[in-house]
Structures are given as structure tokens and as C-alpha cells.
Amino acid sequence: MAKVIVNDVEVEADPKDNCILAARKAGVEIPHYCWHESLSVVASCRMCLVEVGEKKPDGTIAWGPKLVPGCQTPIKEGTVIRTDSAKVKTTQQMTLEFLLLNHPLDCSICDQAGECYLQDYTYKYGKAQSRLDEPKLQRMDKYHIGEQIALFTDRCVMCTRCVRFTREISGTAELQVMARGSHEEIDVFPDVPCDNKLAGNVVDLCPVGALCSKDFLYKKRVWWLKHAESVCTGCSTGCSIHIDQNEDKVYRLRPRENPLAQGHFMCDEGRFGFKYIHDERRLTRPKLSDAIAGAANRKSQATTTAGSGDLSFADPWTDVLEVARRKIKDAVKTDARGFVAVLSPFMTVEEAYLLASFLKGLDKRVRLVLGPVPMVGSDDKYPKGPKGQSPAEDKVRFTIRAEKCPNRLGVEAVLRHFEGQVTKLEQMMGGANATSWFLVGGNSEGWVTESIDRAVGQPGLLIVQDIFPSPLSERADILLPSGSFAEREGTYVNHSGLAQAAQAAVRCPGDARADGRILLELAERKGLFNALAIRKEVGNAIPSLVALAEGDLGEHGVKIGGVAREPIYS
Amino acid sequence: MSNDNFQPVLLARQNKPNSHTLASYQADGGYQALAKALKMVNTEVIDVVKASGLRGRGGAGFPTGLKWTFLPKDVKGPIYLCINGDESEPGTFNNRVLIEQDPHQVLEGIVISSFATRTTTAYFYLRYEYGRCYRVLKDAIDEMYDNNLLGKNILGSGYDLDIHLHRGACAYICGEETGLIESLEGKRAWPRIKPPFPAIEGAFRKPTVVNNVETMACIPHIINHGPEWFMSMGIPKDPNNPRDAGSYGPKLYCISGHVNKPGLVELPMGISARDLIEKHAGGVWKGRKAKAVVPGGISMGFMSESELDTPLDFAGPGRVGCLGLGTAAVIVIDDHTSMVDVLYNACRFFAHESCGQCTPCREGTAWSTKILERIRDGRGKLSDIDLLLEISSSIGTIPGTTICGLADGAAWPMKTAINKFRGEFEEYIKSGRKSESRSLAGAH
């Protein structure tokens, strides 16, 4: 650690830090556009110019003769940084005036307004008026940059973050700087659009409203969006994300920086892959099959005056869960070994634990198996080489994993605790001898294959907890419509054993309920579902998940035993 | 030493028949310096160049020998020498004459310098517009290969060297040494951030020296005649200024603009601008007087008539508010010319040539051009003058605002023109008149 003095405040900083990071530790913001922690340093925006000196042993400060870019200047013991001198402030004002010269100031129709660094820095460091007395340069908007990306050319401040991203992280190098001087523009070569699987990140990287996501364009002013900290469930990388929603509608996902998980970025499969949560086909109403419903109705008519059916204002769950609980207990009593529960790798650790502990509490002989783990191709590693080849292992900056589910490791840990081993549903095809099934889905797309359908057949009791209709949900005795990832809170354990907490962002559609709430009530536990409380319980109950016992996993999550990994960058 | 008896050194063979051929060069004693140098140890060559006080002729005037010593001592792998022939500073044409008239003088310097710096691959970066230079150089290099002056085992010394001739693509920024290196590597010529300096990490991430063509032309003469001879010319160090490295040796002055006899003149360092114009360029044309003189390429700024007695050595122009000697390209502006037009022309050049990497230069050069366009259209405001000064200070006169030094070069003409001719600017704006010279159409 090195002692650094930032505007008279002394702080300890990492000798590898640059001035921006060191100042951040002192609570001082050095404004910057082109610098980004995950990209190479170009020091071209000149927004982060500061005065830097060195404190001599005799206490005097030897100031450097020049203003230096904070991004490019490393610190060492005794470095003195001044960000509030008249010289620095004048330069910041002038740089902002330069950047705004040809900027259209169309904030009122700009998607970035509200999270724009031109707005923020101008407010903090700029001056109110431009002295430009000439017409601004006007440039054509470019909708051809990529399938998901539009470029509002005249808003660009030429920080080249996007260009560097496509060269250094995706390795696909679609984006270029064209022309020269004040006429230069970001562009792609003809017929080579920026459509790589990480392309959406350039929109996040753009500090202004130049690169916009076509998917999000003009959909919502960002100040209406509420943010939940969650985890992408698209693959086992488990990117930390923000879910941005308003009035129970998710508008976009953004990566949340996490050095332990994925870094600063996320892939487009995850970024745009959330649409299914608002799909009209979602299961929204709990249901009992006619046979069971008839019996239940007859029974409940004595106690309730409200009629059954869709016009009822009564909570449909009360009956359904009561019937489900009774049926499960009956089935376990009749044939415990024949009761098979399928736990989906889309479940959170808490949900898996609730279901497993409930069923095993009824009878130890109940069988728990792991649902299908979707695998697509092989791991997709970046940056790509010039011919699209994968990088060497030590050069990998981002991986889209073939395992398209978020929590296989977490669910396996629960299964191993309760079963001693992990049995996969595929292994039971044909020889299950099951009389009752409790199947949990939650996958983003259909997971009930023909062979699963056949293997389940027509058992004595079929309970399905899922978000989309399937042949099984059609004929389920009891259907429990559950929540997608944006609707549930809990813990996911990614490929490297990093346990991350996800918050719920929106409410479930219709009468559907988040899985944790369903299972909590099913297990007749007291109170409301609270992931933190269950997580503590899981940590105390399952030795391999003891890292969860704290409950709070922090911003970046914690490693569960055995499979820990170094941060992917430092 | 009086300049009247000065015998040209670098231009000695100018206008001789077939001066560009190897036979002609060797008949005049060419490549003896190379033979001499190859018998020395390479560090001895560096010491000789260091002792001569030779400073780079490309503009910044950095001591050449010192630059060579910055190369890491025990480097494994290649060291590269890049010759900066991207002569794009307005008013400068000494490299063109040197290459066209006497390419072997330059090439001999390159081989000696490569030997001194332990380089086995040298890159000659030539601006694209110099087509004739390209053909002459190409032939000269072929001749050298044919005569064991390049390639393997040069003159039986065991030293190998290849020279690659690389043509630029018409960009001013490629004259900046790291811009040149980027361009050479096939990238967009955006100057690199320093450190690391090229001597540590230059072309292809290897230690690299970048030298100007005229600097190379001086090397054979220093080897032949020794450092004392070289130091007998020019202006010695200022004993009161420990940072002054002196201005030694002959220098090519390019004279252009409103003079009777524009051209290239070789003189010992330190002649005054007035002498240069009166004695060597036939005086200002049409019997007029000089209003302003550019001491060394437009980016150095302007000297006013009263400052013409300034010696044109490395330190002189700086004392009268200019950026430096630059390329010693003297442009004379007569008193019938409007400084508003002159400055507009300069700003337009920099706006066109700004590489666009750093915000202040990219936006500032274009903005100042727009302001001057408006003033020339009779729509100026008196506040524009201070605004131009403020823009110039943001572009380059505050140190550190940009990555490369060329932004300073864009700022200095604005600063000096306005500071030294402010009255004319004010009068122009108040009169509300329009420029007589048409607005120049450009690529933009």
C-alpha cells in the first residue's frame, strides 16, 4: 500500500492504481470518459487532467510542470494529487465546452438522459453556456451499426471505448474510427455489422447517448426505472446484473461489475434473453385437475361461501396448496420410495433446500433428482482471434458457458446433502418405478422432452411447478405456476462456486407466485418467505454450503467450499 | 565564422550531374565515413555524435547522440531505426531536396546510425506526396544492395542491415514519432501516450530510434571531419543556461513566401531572419516590407518585423515568443497581407490535419477555424479575439493538455498572431469588412 494525498486528504492506495482509482479511495471523483477499468488506457478525452506532485521527505511538494491525465499516471508512495485547483477546473470547463461544441443537446429525446456523463459532468464541472456562434456539425444517425445497436453520431465524444471493447474484449474488431479531426465518426465496415455476442456492452460502455440499444430505445426514461441487483440465469457464468424495471415490467438488464464473477460485461444472450418473463403463455393460475378439484370442492363447500372458478376473488392458492400438501403426504405414506421430486437447476439454493427438507422431513426414502441441465454447444470464449478462433486459456476475458442454467452447483450441493449423491433425471428414464412426481421447472424454454414426458407417464400423483405450459403441466394433477428469475430472490452458485444473492425485481404475472413463497407455505413454515433467513438456515444445515451461514453475501458474493477461484481480474 | 565564406556541407553536391547516383557520390568521397565507422566500436560512434552536439533537425531539437543512449543496454531482440521523412510541416522542403539530390548522403548516415544503435532493420518512412523521392531512394537502396553497402556483411565488416522504404498516406500526424510508428505498424496514426518512450518500446513494441532525414545527412560529415569541426559552426551553449545544448553545425533553411528568391539555403546555425531574407532570399518581393515571419514551419508561430534580428538557432525563436526553431522553414509574409487571412490559413490546416484523438485539439482547431471564417465574413465580434486566445491555450499552450506536441504547434500560431498583431485583428473586426481572398475549399 502506498500513501497518497488527494486534495489534502491522505489515503492508502494500491501501488497499481492510477490517479483516478486512488482519488476514488479518498472520495474524490476525477471525471473521465475514455478510461475504463477493463480496457486499455488511451488518455485521449483529456477530461481527467489533474495536477500531480510528489511529497519529498522534508515535507515540501514538488509539483510536476504539466497537467497529467489521471488515468495514465500511476501513483506511488508520496504522490500528491490536486483536482480542485483553478488550473484543473479551467481545463475541465474547457474540455467540456469542446465536447459539447457539436453535441446536439437533444437530451429531451435522448435515451441516455439521466445516466449521461456529459450531463453529469457538465453539471458538476462545466459552465452553463457555450460560446459557439457557428452552426453545429450535423451528422447522420446510423442504424446499421448492429442488429441491436444504433449510433447517434452527433452525440459521440470519441472516447473510443466501444472501439477498444470490440478489439480487446470481444476480439471481433467491427467498430472503427473513420475520417479525421472533428469530422471523425465511429462506424463499421460495409456489411460487417457489430453483431457479436457481446455487442450489447458497447451501449453500456458509451458514456453518452451515442450508442443506444435498439431494444430499449425510446421505451422508458431511465429515471423511472427501479433497479434490482440480480444474477443472470442464462448460463453458469452467473453474470452479476441490474434488472431495470418499472411497474412490474422489466425494460432491460445491465451488467453489474463483479470481479469475482464476470467482470464488467455480460453477453447479449443474457442481456436480451429476459423477454420470456413477460410472455403471454406464462402459467398464471394455480390449478387442480378436475378429478382432484371435484373432491376438494365438495370438501370445502362446507366451510366457504365463495364459489370456485375464475370469477372468484378468493386466493386460489389456499385450496391448491392445502390439497397439494395433503396429496403429497398421502402419496409419501403410501409409497415413499415411489415419490420422486425433480429439482431444476434454475431453482435457487433456498428453494431447493425448502423442497428437499420438506419432502425428506416426511420420509427419508423420498427420492430427489436433478432436472435436465441444458447444454448448448461448448463454452464460447473471448476475445476471438482474427479468424474467430478462441483465445489461449490465459488470455480469456469473457466466457459464455455451454451450461445454460444458473445453479447446477447449488442444487447439487443440496441434493448431495439430502441424498448423498446426485441422480439425474435422465438416469431414471425407464426404470424409475415412480408412483408420484413433483417436477420443478422454471427454465426459460421448454424442458419437457418427449422422453421425460414418456418416463413420467400417468402416475398416481403429478405435481408440476413451472412457468411455461408443457405436456406435463397440461395433465398435472396439481399445477403450481411459479416465478421467473426476475420475480424471485435467492442464491445462485455459478460454475466456479461463487454464491451470489439475487433480489426480486418484479411481481409474478397473474396469480403466479415465486417458488420460495409456494414452497414455504407448502412446507407449512411460519412467516413470509425471506431468502436471507432461509440462506442462514441452509448454511447452518449443509456443511458444504457453510459459506452461506452469514446470510449476507455482499455485493460480489462468496465462494462456497472447494471450488473457489481467483478473481478474473484485479 | 563569417557566413560569407561558408561552403555548403549538406548541399555541396546539389545540382551536380547525376548527383543521386552511387558512382557520383563515391567519386566525391562518399561512403568513406561508413568504412571508417564500421572499423569503430558502435559506442564510439555514439560518443562522436554526442560530442558533436548534433541536435535533431526534425523540429524538437533533441540531442541525437543522447537519444541513442536511451536505448536499453542489454536488450535481446531487435532494435529499430525509423527515418522520419514525412516532411509535412508547411513551408518545409529540405528533406525533399536532400533525398532527390543526394540520397546516398542520407543513406550513408542511416547505415552509420544503424550501426551505432545496433539496428539491423531500418524503416524509411517517406511521405506519400514525394513520388520522385520515392523513386530516387528506391534506386539508391537497390544500388547499395548491389554494392554490399546494405544487406549481409556490409563492406566485409560482419554488420548486417536492411532498409525498408515505407510510403505514408498523406497525413501530417505521421510526422509525430509515435504516430509514425503506429502508421508503420499499419494502424491509425494516433500518437501513443508516453511513457513508454520509443527508445524503450517503439515500433512493434521493440526499442526504436526515430530520426529526421536531415539529421541523418549530418552523420557522415561528423564521422569524416570530427566533432570539433561540426562544433566550429553555429551558436555555442549559453553558459548562463545549463539546459541549453547549443546549436551547432550547418542547417538547411527553407525560405518561402513573399521573397524574391525562395529556396533552400545552407548556413551555419544562428543567422538572423533579417540576414536570411535580405542576403539569401533577395529581400521581400515587390519592394515591400515584411510584416511577419514564420521562423520554422507554421506551427512555430510568427515573429513580427521588429523581431527579425532574432538568430535562427534552437534557442532564438523561443526568446521572442515562438515555439522554437522547428524545421527552420522560414515563411515571409509581406505587409500587404492580412494576418487574419494568414491565421485562418494556418488554423484551417491544423483543423484538417488534427488526428482527432485528444479532445482539445480535435474540437479546438475546428472551432478556431470556424471563428476565423466568421471574422473573414465580416461577422466577427471583438470578444472572438480573447476566445481564440483561450482556445489556443486549451489546445496547447497549457502544457499537458494533449498527448502529442503537434497540438502545441496548432496553438502557437494563434497565440503569436493575436498577441503580436492584436491591433490588426481588432481593426479588421471593427471595420466589418470581408476578406478579399476567397474561402478555401477543403476536403471537409
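This note goes through a predicted model point by point.

1. Conventions. Residues count from 1 along each chain as its sequence is written, and chains are lettered from A in the order in which they are written. Local features need pLDDT of at least 70, side-chain atom pairs count only at pLDDT 80 or more, and totals for chains, interfaces and linings use all residues.

2. Chain B overall. Chain B holds 16 helices and 11 strands. These are DSSP runs numbered from the N terminus: helices are H or I with at least four residues, strands are E with at least two. Its C-alpha trace spans about 70 × 45 × 45 Å along the principal axes. The radius of gyration, taken over C-alpha atoms, is compared with a globule rule of 2.2 Å times the number of residues to the power 0.38. A compact globule of 444 residues would come out near 22 Å; chain B has 22 Å, so the two agree.

3. Packing of chain B. Of the 444 residues, 55% are buried. Buried means that 20 or more other C-beta atoms lie within 10 Å of the residue's own; exposed means 12 or fewer; partly exposed is in between; C-beta atoms are placed from the backbone. Among contacts with a separation of 6 or more, 71% join residues 24 or more positions apart. A contact needs C-beta atoms, placed from the backbone, within 7 Å.

4. The A–B contact. Chain A gives 29 residues and chain B gives 28. On the chain A side, strand E4 (61-69) and H2 each supply two or more residues. H2(A) has the largest share, 6 residues. That side divides into 15 nonpolar, 7 polar and 7 charged residues. Ala, Val, Leu, Ile, Met, Phe, Trp, Tyr, Cys and Pro count as nonpolar; Asp, Glu, Lys and Arg as charged; the others, Gly among them, as polar.

5. Helix H3 of chain A. In H3 (residues 117-125), A:Leu118, A:Tyr121 and A:Thr122 are buried. They fall within an arc of 105° seen down the axis, so they line one face of the helix. The arc is that of the directions from the helix axis to the C-beta atoms. A:Tyr123 and A:Lys124 are exposed on the other side. Helix H2 (86-101) of chain A is included in what covers the buried residues.

6. A sheet in chain A. Three strands form an open antiparallel sheet, ordered E10-E11-E12. Pairing requires at least two DSSP bridges between strands. E10 (226-231) and E12 (249-255) are the edge strands, each pairing on one side only. E11 (residues 240-246) is joined to E12(A) by 6 bridges. A:His242 stands opposite A:Arg254 in E12(A).

Terms used. Contact = placed C-beta atoms within 7 Å.
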